[in-house]
Amino acid sequence: MKLKLIAGCTLAIMTVSGVVQAQQQPPVSTYNYHDSFAPFFYTKNGSEFRAADGQPGPKYWQNRADYQLTAKLNDQTNEVTGSEVLNYTNNSPQKLDFLWMQLDQNLFKSDSRGSAIIPPSGSRNGGKGDMSKGGYTIKSVKIGDTPVKYLIDDTRMQIFLPAGVNPNGGQVKLNIEYSFIVPEYGSDRTGIQDTKNGKIYTVAQWYPRMYVYDDIMGWNAVPYTGPGEFYLEYGDFDLSITAPANHIVVASGELQNPQDVYTPEQIKRWAQAEKSEQTVVIRSANEVTSPASRPAGKKELTWHFKIKNARDASWGSSASFIVDAAKMDLPSGKKSIAISAYPVESDGNDAWGRSTEYVKKSIEYNSQKWFEYPYPAATAVAGRVGGMEYPGIVFCSWKAKKGSLWGVNDHEFGHTWFPMIVGSNERLYGWMDEGFNTFINTLTTADFNKGEYAGKKQDIQKFGAAVTRPELEPVLSTPENLKEQNTGLLLYFKPGLGLTMLRETVLGPERFDFAFRTYVARWAFKHPTPDDFFRTMENASGENLNWFWRGWFENNWRLDVGVRDVKYVGGDVSKGALITIDNLDKLVMPVVLDIKTVSGKIDRVKLPVEIWERNSSFVFKYPSTEEIQSVTYDPDKALPDYNPANNVWQK
């Protein structure tokens, strides 16, 4: 329907067709269109490293870290003894005379920075249990057989290189020997869970990891205090995990030696699972306590895994594991398998007995929708950790059931795309992985089993007051710079809600999906910043979205649009209605109105966000043929208007 738009009703009266009609005075507004639509949102121009359209520039570079790792688990003392061969490649244009490595286990010491900032009321961050034995023991750091000077400061280790690492492809190989005690509870990312058939170890942050050296900040050597997650280089991983022979070990990547660690019958079952759409049990609940379910004759077994082009690797180990699996159908036909490992207490079709089904369907949907799953296996492990993601493996609560288990598996494996494929800096921009993943979870949940766990359509208006309340920090805050009670809202929910609005209300699904896929493809296995995301979405969708980023991400602005008035041209309803709407707070959004006439007919009118580009009040002419009964703003409740009291004008 064609509408006649009339800009800027800021006068007390206006003349239409020679008839003067009195207008209500506009309510007080804090909206300033110069703020919302100000130019120069981006403070830097594009460069050879990062182009102005949001893609990597022709001279984009990133460094690489390849790891050969061995670890031995002592389930009596909970100690892991490990060795690391790190091959580090410096692709930057600068020579590096020293390296920075992450010693995350040092968070779980009683005198760590992270422990010092935990309030008396407690926190999910930091460690629980006996932390007097926590942290790394670094036994040696060498180049070849030559010891290298190093300095440990809390969760960081600086390594001083005698000859440095040359730019543009120079390499150095480090050999590190270390050990640590697995924390009982480590910041909800690693830990130990007791079950009736043995402990479950979910082991993460278990080797010294390289910090990222990039073109934005140089060394990103931010101390690890618990709230922020990780920023890591990509490389290939070769893992050898030695555990007691009655344990089953699962890890990132593909098992290289199944004949050494599984029985002949279990190997047959693995072959069935690799071809099966339905879950195949590899080790059943009845077999968990049977010695025949483990290879005989050895006290220990070594499990060998490999994963390529990953930014991390983790593993789980337990004598209590039930294991099941099914194949995953990826767009290219590439082989990959979904796996679950969980204790008898978690078994059943209302709980972990469906875990592999959940993993399979979540990954298949996201592979088809955004970017193909890149790893040979996807393993969900039940344990103490409530939910945490690593490449090819996730840790989820052993107590989770039904929709809760679907939600945590779907969310943690959704992290495959953000930040495992798209390697953003979680330490600085936690919303770029948690928020993006929260958004894609809404689509997988709607799709899974025809919406088995999907609720009603989201009422965004209901959340408007909560997600924009004045005391909140902006989304563009670091995780460490947020009140802990706000992290769920500002890292997960609010940015996810923003992408939903961008898709459903601002751009539409077709334009949004193309732009979002473009972002993933451009930055797969690379390190984007917020600007790279913002620029890609704008360039790929053909839309200037500065106003959206500025209001929803950079600032904590609020939306309050009111329908003020309806008048008729010359007092004659057949000549058209003049409808006045006001933008009363600082956030702007496109406008959707339902106009209902006295006969009951409802007509939908959509106005672009540009109506607010130079107006705080706006009048448009609606071609009425009968009297209007009501005008309703945001009838689908798809926008975060925090004051719905003024959203409806009634005759």
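By the distance rule used here, the predicted model holds 38 salt bridges. A salt bridge is a side-chain nitrogen of Lys or Arg within 4 Å of a carboxyl oxygen of Asp or Glu. Residues are numbered from 1 along each chain as its sequence is written.

Asp636 lies in the loop between E35 and E36 and Arg604 in strand E33 (residues 602-607), so the pair ties together parts 32 residues apart in sequence. Strands (E) are DSSP runs of at least two residues, and helices (H or I) are runs of at least four, numbered from the N terminus. Asp636 is partly exposed, at 40% relative accessibility. Buried means under 20% relative accessible area, exposed over 50%, and partly exposed in between (1.4 Å probe, protein chains only).

Glu265 and Arg269 also meet in a salt bridge, at 3.3 Å. They are 4 residues apart in helix H4 (residues 264-273), separated by about one helical turn. Glu265 is partly exposed at 39%, whereas Arg269 is buried at 17%.

Asp641 is buried but has no salt bridge. The nearest side chain of opposite charge, Arg558, is 9.1 Å away; Lys and Arg count as positive, Asp and Glu as negative, and His and the chain ends are not counted. Asp641 sits in the loop between strand E35 (628-633) and strand E36 (648-650).

Conventions: This is a predicted model: local features need pLDDT of at least 70, side-chain atom pairs count only at pLDDT 80 or more; totals for chains, interfaces and linings use all residues. Side-chain values use heavy atoms; hydrogens and water are left out.
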